[in-house]
2 protein chains.
Amino acid sequence: MKLVGNVLYGQSGGPTSVINASAYGIIKQALLHEETIKKVYCCHHGIDGILKEDLIDISSKDNLSQLELLPHTPGAAFGSVRHKLKDIKEDATEYQRILEVFKKYNIRFFFYNGGIDSMDTCNKISLFLKSASYECNVIGVPKTIDNDLPITDHTPGFGSAAKFISTSISEIGCDASAYDQGRINIVEIMGRNAGWLAASSKLACLSGYGPDLIYLPEVPFSKEKFIEDVKKIYAKQNRCLVAVSEGIKNKDGNYISDTGTLDAFGHKQMGGVASYLVSLFSETKLKTRAIELSLLQRSANHLSSKRDIDEAIEVGKRSLEAAISGHNGKMIIIKRISSKPYGISYEEVDLSLVANVEKIIPSDMIVKEGNNVNQKFIDYALPLIKGENNAVFIDGIIQFAKFK
Amino acid sequence: MKLVGNVLYGQSGGPTSVINASAYGIIKQALLHEETIKKVYCCHHGIDGILKEDLIDISSKDNLSQLELLPHTPGAAFGSVRHKLKDIKEDATEYQRILEVFKKYNIRFFFYNGGIDSMDTCNKISLFLKSASYECNVIGVPKTIDNDLPITDHTPGFGSAAKFISTSISEIGCDASAYDQGRINIVEIMGRNAGWLAASSKLACLSGYGPDLIYLPEVPFSKEKFIEDVKKIYAKQNRCLVAVSEGIKNKDGNYISDTGTLDAFGHKQMGGVASYLVSLFSETKLKTRAIELSLLQRSANHLSSKRDIDEAIEVGKRSLEAAISGHNGKMIIIKRISSKPYGISYEEVDLSLVANVEKIIPSDMIVKEGNNVNQKFIDYALPLIKGENNAVFIDGIIQFAKFK
């Protein structure tokens with residue numbers, strides 16, 4: 001028998017420029033199914049919103065009026081969370097509470113929008129609800145700027161971050177070429193274990209102002225080789241532009257810049273690798289500058305990729321359709337059919353296959369010397385930044401959706 | 001008798017998003033005066049280009065084809081320089097060399113596009129050429145993101161930097177509100193002695209995600225008061241967003257973050273004030289993050305203000321017209337007629353009046369407590385960020401002008 005009931009949608013983990021675009025896709029699609037779906041709720045701060053019974057009813061007139069701004073809104077419009085569910089064998093309290101709230105609100109379609117860790121959470125909830133014989137179709141909705149989810153060709157969020165990074169590096173590179181005697185500019189880019197974001201700086205080369213060198217977590221980092229690389233470039237052109245992933249590690253696998261603190265999932269918190277690399281030149285007379293793209297990489301919605309936004313919306317719509325068609329414990333993935341011309345299809349995989357698996361850059365996209373990426377990477381990444389999702393400005397002020 | 005000859009245009013000092021828009025205005029206007037102006041040259045790296053006789057002839061077909069991209073190009077398209085001319089009484093060598101090159105290329109209209117220091121250089125050249133009885137009309141063309149030139153209501157470059165800053169802070173603020181328990185985010189903004197740029201973060205409040213506190217070089221900085229301010233906000237809302245000018249000083253006038261190095265003009269080089277302020281909370285358990293907007297403030301042309309670009313072009317055009325009308329030793333300024341509705345006029349002032357004078361934020365735009373700006377500042381700055389100068393992208397790659 002076909003399930004009838006309410007939708008619950010939650011956001012989890014670090015925001016991306018397009019997580020709200022997937023929310024938009026799910027909500028808009030849900031509103032088309034009046035016979036199956038009575039109400040659409042959003043968790044206020046993901047799992048925490050369920051546990052605290054803090055749910056946002058999207059069907060109010062005020063909230064509905066905000067929908068069209070969602071694909072132009074950075075952050076997590078409904079609030080995000082980093083909450084790791086305990087192993088159910090150790091402590092089932094939170095699971096029981098989730099079941100209680102799902103029953104109370106008649107939640108029959110649950111969507112959790114996040115990265116690797118959130119897919120793990122989503123999988124745990126799906127398995128628990130099944131074991132409790134509570135009928136609810138659970139779908140994981142992928143998002144991460146890091147592009148490190150397995151199986152899917154790429155993740156919603158990556159294209160927009162890549163577009164911000166490649167455009168900003170183009171602008172920095174253009175600015176840096178103003179003086180005859182330039183600097184060594186070292187730009188730090190997010191990415192804990194996978195270098196997709198740092199690699200995307202390569203696309204700036206197509207503007208004429210790309211990085212000379214790119215250092216990735218996938219390649220063991222040598223201080224000596226790095227200094228040699230930079231000095232060689234500087235000697236040739238009086239300036240050097242370096243892109244470096246925050247997650248570069250030495251040959252023993254230790255992070256070059258380890259702040260010593262851990263997040264809720266036990267991941268090491270990174271920071272300051274560009275400043276550290278700059279300090280390696282303090283004995284020389286070379287002028288240096290460390291630039292961290294920081295939060296802007298995931299929040300600069302005004303510079304997002306239209307294709308990324310469109311795909312994020314489509315992933316949302318297909319997640320909704322999958323759930324009401326009776327699919328459970330799945331995640332929508334993107335499969336690439338071809339790069340020139342760009343063609344993709346959408347498929348489904350079991351959540352258990354994506355939870356806690358990280359996808360790194362394959363070695364055939366990295367140059368032999370380990371200090372750059374090659375044409376194969378450009379062919380992969382370039383289609384993902386196509387098109388502009390023009391931001392909405394009123395009198396010069398950017399406009400975002402706000403929900404109550 | 002009306003002067004007939006060639007134009008020379010040079011760029012100097014730190015680039016802005018719109019310095020190339022002024023170049024565009026001058027060059028386009030010059031091309032309309034075929035009878036008066038035979039050739040348009042641009043200095044390759046400002047004064048250095050003159051001394052080295054390294055001039056770019058803009059009239060070549062390849063270069064002309066690049067003109068329309070100029071207002072969309074960051075950096076200094078013809079190369080900039082930081083070169084301080086010596087006092088002519090001490091050493092006239094460089095002045096003599098400039099005269100020699102001007103004579104050789106029959107330069108009769110000279111434009112120097114820069115900030116305070118460059119207007120000083122421009123003034124020196126104007127006075128020298130007069131004293132040498134070489135007929136050449138010299139016009140200073142204002143640009144600086146710092147908005148610290150006197151007399152003019154604002155400087156071309158400020159509006160675009162203000163737009164980048166206010167938009168980025170909006171996006172950072174929106175992202176930072178994703179979690180229930182947020183951080184103390186401290187955003188470092190350029191501005192050595194004048195806080196116009198840091199103050200412009202205030203405009204982000206109109207998006208709903210502005211800074212809670214703003215610290216300016218105009219107000220003596222107290223560490224204790226700062227910690228107290230932040231803790232008060234954090235206690236109320238579980239997060240705090242701070243905008244701070246790189247140039248904040250203690251009550252004795254010493255920079256809070258002084259790297260100990262000087263630039264060619266003897267200015268102290270700043271850096272890392274946000275990291276320093278973050279370190280003040282290291283003893284607490286509060287989560288903090290330092291964000292430096294860095295070079296993007298002046299190079300993020302993709303987010304420039306249309307009004308700023310239009311005014312920069314207009315200032316360029318009027319500079320050209322002033323020179324061919326026989327004016328010499330002048331700079332075009334912008335005079336505000338009203339803010340609501342926004343109305344301005346363009347006037348001319350003597351270069352000697354603007355050289356080496358810095359304009360800071362008047363105290364009636366700063367709140368009594370000294371940790372924010374008020375409505376009067378908003379009324380002043382808001383009209384300057386109006387309109388979008390949509391960047392040119394091809395297949396997701398931003399496009400810039402390139403000259404040979």
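The copies meet through the same surface, because 100% of the interface residues of chain B are also interface residues in chain A. Contact here means heavy atoms within 4.5 Å. This is a predicted model, in which local features need pLDDT of at least 70, side-chain atom pairs count only at pLDDT 80 or more, and totals for chains, interfaces and linings use all residues. Residues are numbered from 1 along each chain as its sequence is written, chains are lettered from A and ligands numbered from 1 in the order in which they are written, and side-chain values use heavy atoms, with hydrogens and water left out.

**How the chains are related**

Chain B superposes on chain A by a rotation of 180°, with 0.0 Å of shift along the axis and an RMSD of 0.0 Å. That is the relation of a two-fold axis. In chain B, the C-alpha of Glu292(B) is nearest the axis, 3.5 Å from it. Such copies are superposed by least squares on the C-alpha atoms of residues with pLDDT of at least 70 in both.

**Two helices in contact**

Turn to chain A. Helix α4 (residues 93-104) of chain A packs against helix α5 (residues 116-131) of chain A at about 70°, with the axes 11 Å apart. That makes α4(A) roughly perpendicular to α5(A) (65 to 115 degrees). On the α4(A) side, the contact is made by Tyr95(A), Gln96(A), Ile98(A), Leu99(A) and Phe102(A). On the α5(A) side stand Lys124(A), Ile125(A), Phe128(A) and Leu129(A). Seven residues of this contact are nonpolar, one is polar and one is charged. Here Ala, Val, Leu, Ile, Met, Phe, Trp, Tyr, Cys and Pro count as nonpolar, Asp, Glu, Lys and Arg as charged, and the others, Gly among them, as polar.

**An enclosed helix**

Helix α6 (residues 158-176) of chain A has 19 residues. From first C-alpha to last, α6(A) reaches 26 Å, close to the 27 Å expected at 1.5 Å a residue. What encloses α6(A)? The rest of the structure largely does so, because 19 of its 19 residues are buried (under 20% relative accessible area).

Leaving aside neighbours within four places in sequence, Gln29(B) is in contact with Lys317(B), Leu320(B) and Glu321(B). The C-alpha atoms of Lys236(B) and Ser200(B) are separated by 24 Å, and these residues are 36 residues apart along the chain.

Methods:
Axes are lines fitted to C-alpha atoms, for helices over the stretch in contact, and angles run from 0 to 180 degrees between N-to-C directions. Helices (H or I, at least four residues) and strands (E, at least two) are DSSP runs, numbered from the N terminus. Angles under 35 degrees count as roughly parallel, over 145 as roughly antiparallel, 65 to 115 as roughly perpendicular and the rest as oblique. The expected span of a helix is 1.5 Å times one less than its number of residues. Buried means under 20% relative accessible area, exposed over 50%, partly exposed in between (1.4 Å probe, protein chains only).
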